[in-house]
Amino acid sequence: MRTPPKGLTVPAAACCAVLLATACGGGGAQDGEAGSTDRSADIEAALEEGGELTLWTWSTKFDDAVAAFEEEYPQVSVEVVNAGQSADQYTALQNAISAGENVPDLAMVEYFALPQLALSEQLEPVGDWGLDSLEPEFTASSWEQMSYGEGTYGLPNNTGPLVMIYNEQVFEDAGAEVPATWDEFAEAAELIQEDSGAHIASIDPGDAGGVDSLIWQGGGRPFQFEGESGTVDFTDEGTQRVTAYWSDLVERDLAASQPGWTDEWWRALGDGSLATWVTGAWALGNISNTLTDNAGDFRVAPAPVWDEAAPENAENGGSGFSVVRGSENTALAMGFLEWFSTNEASLDAQVAAGSFPAQTSVLEDPDYLAAEYDYFGGQQANEVLVAASEGVADGWQYLPYQVYANSVFGDSVGPEIEEAGSIQDGVEAWGEELRSYGNEQGFQVD
């Protein structure tokens, strides 16, 4: 039986990031996995022999899973190190590999950063060890996001399918129905503003990942790369539909242009000034652990869609774990990675700590689906999260220098959001910067 989740505590994946330089050149990582190699005997021998591993992650929700591994394999010691959150960790990782010192054996890697780390040959392809045979254990979208070119560079861990957390009382007071489509979302926004002056949502002028997710769900595919060649193009129909929609909501003051994760933003969610939070499935734990006085106020619903007859969803956030090139005990690290990512005791511990998993064994578990969230009025919220995960549209790609892209998002798109201008103009200016930067770094970008 799955332990009922306490809450989901994965941090937002798309924070403004510092530059992580990309190593480009011949023999890129896209050529790193010509085929699967069964090295299970090497992995088993390493687990039996034991040793020491270092795991980098900024999240504390994996501590119990690591402890469960050490209980089963007492001859293995795993040191969990917080080397900095998100981009700070990637910068530290690059520095360690360049210096050839203090290289961790494994690291938590957000999906948006995977292409950059894979292309710069900082991660071990799991196919070299036969772990690509585990693909059926994970959702299709999460496996796709741990892959780049011909290789898969780790195993998925958690995902962030878009959902809508909404304040039930605000909707009821305004006489607004819970929206199933974006047209209905705009209609509800008008009713809510008329009733209380509240905004239905906010769009963060510094959050590249949030805007990317909305574009993904709307059918836009601005980043298309194969190896070191590709395109950056925000002029497709899907992207323009999304940017025009949100520009209109902000211009009419139906949506706020407000940075997320600030005290002011949390207060707005807590007092009903913001009626919804359209975000990844990981956010249930964040809101329940932060707005503790609002138990019972919120419910979880599918994110609104553009076409109710052909609904499509997207991801917002999520991460996996990878074995780092330069590890002094790669076989042992692969053994830990496999156990940590697939063992029932490990997954139970991670779910209990609040992870929304990428593993299908959990998502199909009747006990998991039936778990009730007291904070959300007793709602069986996992049913909504799992359905959201099943509806994620394929074909999305991140840039092989997405960490840099996120760091400059606020320079071009941010002002357009803040000043109720044209978000489309902002993303096109962002695209121009990304094409220029990519070409300067040795990519071939049109």
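Modeller: Helices (H or I, at least four residues) and strands (E, at least two) are DSSP runs, and they are numbered from the N terminus. The structure we discuss here is a predicted model.

Colleague: Is Phe376 buried or exposed?
Modeller: A residue is called buried when its relative accessible area is under 20%. The relative accessibility of Phe376 is 1%, so Phe376 counts as buried.

Colleague: How many Å apart in space are Phe376 and Thr292?
Modeller: In sequence, Phe376 and Thr292 are 84 residues apart. In space, taken from C-alpha to C-alpha, the separation of Phe376 and Thr292 is 11 Å.

Colleague: How many helices and strands does the whole chain have, and what is its radius of gyration?
Modeller: The secondary structure of the chain comes to 18 helices and 14 strands. For 446 residues the globule rule gives 22 Å, and the chain comes close to this value, so it is as compact as a globular protein of that length. Its radius of gyration is 21 Å.

Colleague: What percentage of the residues in the chain is buried?
Modeller: The C-alpha atoms fill a box of roughly 65 × 50 × 40 Å, taken along the principal axes. Of the 446 residues in the chain, the buried ones make up 58%.

Colleague: Which residue forms a salt bridge with Arg325?
Modeller: The structure holds five salt bridges, and in one of them the closest N and O atoms are 3.8 Å apart, with Arg325 on one side. This pair links distant parts of the chain, 201 residues apart, as Arg325 lies in the loop between E13 and helix H12 (330–342), and its partner lies in the loop between helix H4 (114–119) and helix H5 (140–145). The partner is Glu124.

Colleague: Which residues are linked in a network of salt bridges?
Modeller: The side chains of Glu190 and Arg252 meet in a salt bridge of 2.8 Å, N to O. Glu190 lies in helix H7 and Arg252 in the loop between helix H9 (237–251) and strand E10 (255–256), so the pair ties together parts that are 62 residues apart in sequence. Arg252 also meets the side chain of Asp248 in a salt bridge, here of 3.0 Å, N to O. The network therefore links Glu190, Asp248 and Arg252.

Colleague: What is the phi of Asn102, and what is the phi of Asp253?
Modeller: Asn102 is found in the loop between helix H3 (87–99) and strand E3 (106–110), and it is exposed with a relative accessible area of 68%. Asp253 is found in the loop between H9 and E10, and it is partly exposed with a relative accessible area of 42%. Although Asn102 is not a glycine, it has a positive phi of about 55 degrees. Asp253, which is not a glycine either, has a positive phi of about 60 degrees.

Note on methods: Residues numbered from 1 in each chain as written. Predicted model: local features only at pLDDT ≥ 70, side-chain atom pairs only at ≥ 80, totals over all residues. Heavy atoms only, no water. Rg over C-alpha atoms; globule rule 2.2 N^0.38 Å. Buried < 20%, exposed > 50% of the residue type's maximum accessible area, 1.4 Å probe, protein only. Salt bridge = Lys/Arg side-chain N within 4 Å of Asp/Glu carboxyl O.
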